[in-house]
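Dear colleague,

Please find below the structure that I am handing over to you. I would be grateful if you could read the notes after it with the coordinates open.

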Amino acid sequence: MHDDPRIGTVRAQAYTVPTDAPEADGTLSWDKTTIVVVHVEAGGETGLGYSYTDASVARLIVGTLASRLTGLSAFDIPRANAVLWGAVRNLGRSGLAATAISALDTALWDLKAHLLDVALPSLFGQARDHAEIYGSGGFTSYDDRQLREQLAGWVERDGCRAVKMKIGSQPERDPARMAAAKAAIGAAHLFIDANGAFTPKRALAVARVAERFDVAWFEEPVTSDDPTGMAAVRAAAPAGMEIAAGEYAYTLDDLHGLLTAGAVDVAQADVTRCGGYSGFLKVAALCEAAHRDLSGHCAPALHLPVALAARRFRHLEWFHDHVRIERMLFDGAPVPRDGAITPDLTRPGHGLILKTRDADAYAV
């Protein structure tokens, strides 16, 4: 253990990785994904964190936030967080600023674990030994063959007991797409995600159609900026269909608003957006108080340590883009077995190390 080490150098670099095929959901299409990777140094050790965000966040970190951390104790993460959130008061907490702080927070926790020479799951304390995953992709840009092969692969290869597909960009196609998906996955559960594409009335019509295909989870049937509308969908949705949202909760207030409105059966949080591990743990406590389960949104490798600590945790999203990027850019990315991922407790911190030479090809 190092004696009260002080934070020194803070580095940030953006990398943009092309997708392996065109991708789209109910409200957006894309052909590349940007990840900003942060390193924080103290006491001869280095912590790593990252966020899937805009490349400009690297400049925000280096130009505005890094100097606020210099000289603080690497052990005092609550103090560092207070400084960081205070620094963005006039910039706005949500959006890019929240993703920057999230990347720094995960790096600080990884650094602290390295300084203590322990794995992060041990530092947080484990409520379970592994995290269940569900396959996620099924983009609306895929044809039926791509959809079937991807979803069936998660079930047959990785043992996933649930998979999720995107809907909403061409609603007239969605019933046939859901039928093709359900035929491909057999007894596994089918989830759908509209990414806020519908009005409440239209979302309810979609839910009634989806019930024919045993859809068990309807994510963001309407925008999460409309908790009242989402609550109306939840109240009238088929009994066996859970309503989920929370990936755009950048602050605790955002998630609190969804819970108090009765908008969700299962809350979601994303450590790359909600304030890092510190924010995720606060969300987990809020969910426990509200008697709601919590699901991790995307970035499964980064989520794994803290997901094991959350008492009401349900599962992690094994999102196609992020799984691919984390395998490409990081040594130590988890490998699924029987529908779950398990940490390597012999590696300090979260166990992820940037493959610098491989990553450099995608540097922005």
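This is a predicted model: local features need pLDDT of at least 70, side-chain atom pairs count only at pLDDT 80 or more; totals for chains, interfaces and linings use all residues.

Salt bridges

The count of salt bridges comes to 20. Several of them belong to one network, which links Lys164, Lys166, Asp193, Glu219 and Glu317.

Asp193 and Lys164 are both buried.

Lys164 also forms a salt bridge with Glu219, at 2.5 Å from N to O. Glu219 is in strand S7 (residues 215–219) and Lys164 in S5, so the pair ties together parts that lie 55 residues apart in sequence. Glu219, like Lys164, is buried.

Asp193 has a further partner in Lys166, where the closest N and O atoms are 3.0 Å apart. Because Lys166 lies in strand S5 and Asp193 in strand S6, this pair ties together parts that are 27 residues apart in sequence. Both Lys166 and Asp193 are buried.

Nonpolar cores

The largest nonpolar core has 112 residues, and Tyr50 and Phe218 are those with the most contacts inside it. Helix H3 (residues 96–116) gives the most to this core, contributing eleven residues. Leaving aside residues up to four places away in sequence, Tyr50 touches a set of residues that includes Ile35, Val36, Val37, Ala103, Thr106, Phe330 and Leu352. A second, separate core has seven residues, among them Ala162, Phe191, Ala216 and Ala244. In soluble globular proteins, nonpolar side chains tend to be buried together.

Helices and strands

Helix H3 is largely enclosed by the rest of the structure, because 18 of its 21 residues are buried. Its length can also be checked: at 1.5 Å a residue, the 21 residues of H3 should span 30 Å, and the end C-alpha atoms are 31 Å apart, which agrees. Just after H3, Asp117 takes a positive phi of about 55°.

Helix H11 (residues 300–307) is mostly covered, with eight of its eight residues buried. Among these buried residues are Pro300, His303 and Pro305.

Strand S3 (residues 45–52) has six of its eight residues buried, so S3 is largely enclosed by the rest of the structure. S3 pairs with strand S2 (residues 29–42) in the antiparallel sense, over eight bridges. In this pairing, Glu41 stands opposite Thr46 in S3. The two strands form a hairpin with two residues between them, and Gly43 in the turn has a positive phi of about 55°.

Aromatic pairs

The structure holds ten aromatic pairs. In one of them, the ring centres of Phe139 and Tyr142 are 5.3 Å apart and the planes stand at 90°, so the pair is edge-to-face. Phe139 counts as buried because its relative accessibility is 0%, and Tyr142 counts as buried at 6%. Phe139 and Tyr142 form one aromatic cluster together with Trp30 and Phe319.

Most residues other than glycine have a negative phi.

Asp214 is not a glycine, yet has a positive phi of about 55°. Asp214 is found in the loop between helix H7 (200–211) and S7. With a relative accessible area of 52%, Asp214 is exposed.

His291 likewise has a positive phi, near 60°, in a residue other than glycine. His291 is found in the loop between helix H10 (276–290) and strand S10 (293–296). At 56% relative accessibility, His291 counts as exposed.

With kind regards

Methods
Residues are numbered from 1 along each chain as its sequence is written. Side-chain values use heavy atoms; hydrogens and water are left out. Rings of Phe, Tyr and Trp (its six-membered ring) pair if their centres lie within 6.5 Å; planes under 30 degrees apart count as stacked, over 60 as edge-to-face and the rest as tilted. Buried means under 20% relative accessible area, exposed over 50%, partly exposed in between (1.4 Å probe, protein chains only). A salt bridge is a side-chain nitrogen of Lys or Arg within 4 Å of a carboxyl oxygen of Asp or Glu. Helices (H or I, at least four residues) and strands (E, at least two) are DSSP runs, numbered from the N terminus. A nonpolar core is a set of buried Ala, Val, Leu, Ile, Met, Phe, Trp, Tyr and Cys residues joined through side-chain atoms within 4.5 Å. Contact means heavy atoms within 4.5 Å. The expected span of a helix is 1.5 Å times one less than its number of residues. Two strands pair if DSSP finds at least two bridges between them.
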